Amino acid sequence: MNISIEAKEPLVDWLIVTVEPADYQADYETQLKNYRKRIALPGFRQGMVPASLGRKRFGSSILAVQLNQMVGKGRSRHIQDQGIRFVGRPYLVGDTFAELDPEGQRPYAFTFELGREPEFELTVSNLPEVGDYTVTVTDADIDRLIVRAR
């Protein structure tokens with residue numbers, strides 16, 4: 001998995017996550033095999049659906065879940081490791097999931113838009129001074145509060 005950042009606008013970055021087949025292929029095949037054991041299609045006993053039919057019917061969905069989990073974890077880990085400060089949530093640009101290949105043999109690139117936290121400096125040396133206030137509490141005030149509390 002390769003993750004890179006491109007600056008697009010003054011406060012907007014694109015986080016590009018590229019996933020190669022070697023990154024997801026083994027997990028994808030395992031998930032597909034496990035799912036085939038639970039599939040019940042007309043004409044086949046449960047768990048006896050041919051691999052090609054299972055891949056054709058359910059491969060894209062399984063691959064989408066697999067890639068979504070992998071990209072989400074990788075993106076979060078990269079943001080945390082690099083100490084990237086951003087506003088809001090990463091927003092997926094484009095529709096890479098519409099192009100999924102159930103054979104699971106091609107790389108995918110996911111682009112996320114990040115709103116960067118603006119950098120600013122706050123100086124408080126030019127603020128007007130605030131005067132001191134003296135508050136006096138009399139015994140009558142305390143008695144009044146005790147009566148109210150009862």
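Analyst: Happy to! One term before we start: contact means heavy atoms within 4.5 Å. This is a predicted model, so local features need pLDDT of at least 70 and side-chain atom pairs count only at pLDDT 80 or more, while totals for chains, interfaces and linings use all residues. Residues are numbered from 1 along each chain as its sequence is written, and side-chain values use heavy atoms, leaving out hydrogens and water.

User: Okay, what does H78 touch?

Analyst: Leaving out residues up to four places away in sequence, H78 touches I3, I5, L15 and I84. H78 itself sits in helix α2, residues 51–82. Helices (H or I, at least four residues) and strands (E, at least two) are DSSP runs, numbered from the N terminus.

User: Is H78 buried or exposed?

Analyst: H78 counts as buried, because its relative accessibility is 17%. The cut-offs are under 20% relative accessible area for buried, over 50% for exposed and partly exposed in between, with a 1.4 Å probe and protein chains only.

User: Before I go on, what's the average pLDDT of the protein?

Analyst: The average is 87, and 99% of the residues score at least 70. pLDDT is the predictor's confidence in each residue, on a scale from 0 to 100. Confidence is lowest in helix α1 (residues 21–36), with a mean of 87, and highest in helix α3 (residues 139–149), with 94.

User: How many bridges join β1 and β2?

Analyst: Seven, in the antiparallel sense, with β2 covering residues 12–19. A hairpin of two residues joins β1 to β2. You can trace the pairing yourself: N2 stands opposite T18, and I3 stands opposite V17.

User: And what about the pairing of β2 and β4?

Analyst: Those two are antiparallel as well, with eight bridges. Strand β2 is mostly covered, as six of its eight residues are buried.

User: What's T111 in contact with?

Analyst: T111 lies in strand β4. Apart from neighbours within four places in sequence, T111 is in contact with W14, L15, I16, Y91, L92 and V93. T111 is buried, with a relative accessible area of 16%.

User: Switching to helices: which residues of α1 are buried?

Analyst: P21, Y24, Q25, Y28 and L32. Their cover includes β2, α2 and β4 (108–116). The spacing makes sense because an α-helix has 3.6 residues a turn, so residues three or four places apart point the same way.

User: How far does α1 reach?

Analyst: Its 16 residues reach 21 Å from first C-alpha to last, close to the 22 Å expected at 1.5 Å a residue. The expected span is 1.5 Å times one less than the number of residues.

User: How many aromatic pairs does the structure hold?

Analyst: Two. One is Y24 with Y108, a tilted pair with 6.0 Å from centre to centre and 45° between the planes. This pair links distant parts of the chain, with Y24 in helix α1 and Y108 in strand β4, 84 residues apart. Y24 counts as buried at 0% relative accessibility, and Y108 counts as buried at 1%. For Y35 and F58, the ring centres are 5.4 Å apart and the planes are at 65°, so that pair is edge-to-face. Y35 in helix α1 and F58 in helix α2 are 23 residues apart, so this pair too links distant parts of the chain.

User: What are the cut-offs for those names?

Analyst: Rings of Phe, Tyr and Trp (its six-membered ring) pair if their centres lie within 6.5 Å; planes under 30 degrees apart count as stacked, over 60 as edge-to-face and the rest as tilted.

User: Last one: how far apart are R144 and Y35?

Analyst: They are 109 residues apart in sequence and 74 Å apart in space, C-alpha to C-alpha. R144 is in helix α3 and is partly exposed, with a relative accessible area of 45%. Y35 is partly exposed, at 31%.

Notes. Pairing = 2+ DSSP bridges.
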